[in-house]
Amino acid sequence: MEKGKEILIPSQKLTELKLKQKITEWSFYNTKNLTERQANAILDEKERLERAIKAITKRLEELEK
């Protein structure tokens with residue numbers, strides 16, 4: 001596989017995850033009357049996204065070397 005294509009696919013996924021992260025954060029801070037269960041679900045999703053973003057970022061750094 002070409003190096004450019006190897007970088008392109010994770011880069012696209014990273015962009016998608018960052019957008020989802022922003023939407024999740026916006027939902028958490030701008031939704032009124034969240035139940036504890038709903039707030040925890042949003043925070044769990046935010047944490048999952050952060051881990052995925054970190055992993056993809058690390059992989060992209062490895063590919064760029």
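**Side-chain pairing in the predicted model**

With ring centres required to lie within 6.5 Å of each other, the count comes to 1 aromatic pair. This pair is formed by Phe28 and Tyr29, whose rings are arranged edge-to-face, with 5.2 Å from centre to centre and 80 degrees between the planes. Phe28 is partly exposed, at 24% relative accessibility, whereas Tyr29 is exposed, with a relative accessible area of 62%. The structure described here is a predicted model, and the values reported are to be read as computed from that model.

Gln21 is located in helix α1, which spans residues 3-30. Its relative accessible area is 16%, and Gln21 is therefore classed as buried, the limit for that class being under 20%. When residues up to four places away in sequence are left aside, Gln21 is in contact with Leu49, Glu50 and Ile53.

Charged side chains were considered next. Side chains of opposite charge can pair when their charged atoms come close. Across the whole structure, 6 salt bridges are found. Glu50, which touches Gln21, also takes part in a salt bridge with Lys46, in which the closest N and O atoms are 2.6 Å apart. Lys46 is partly exposed, at 21% relative accessibility.

A further salt bridge joins the side chains of Arg51 and Glu47, with an N to O distance of 3.0 Å. Because Arg51 and Glu47 are 4 residues apart in helix α2, about one helical turn separates them. Glu47 is partly exposed, with a relative accessibility of 44%. The side chains of Glu62 and Arg59 likewise meet in a salt bridge, for which the N to O distance is 3.4 Å. Here the two residues, Glu62 and Arg59, are 3 residues apart in helix α2, so that about one helical turn lies between them. Glu62 is partly exposed, with a relative accessible area of 41%, and Arg59 is also partly exposed, with a value of 41%. Finally, Lys13, Glu16 and Lys20 are connected to one another through a network of salt bridges.

Conventions. Residues numbered from 1 in each chain as written. Predicted model: local features only at pLDDT ≥ 70, side-chain atom pairs only at ≥ 80, totals over all residues. Heavy atoms only, no water. Phe/Tyr/Trp six-rings, centres within 6.5 Å; stacked < 30°, edge-to-face > 60°. Buried < 20%, exposed > 50% of the residue type's maximum accessible area, 1.4 Å probe, protein only. Contact = heavy atoms within 4.5 Å. Salt bridge = Lys/Arg side-chain N within 4 Å of Asp/Glu carboxyl O.
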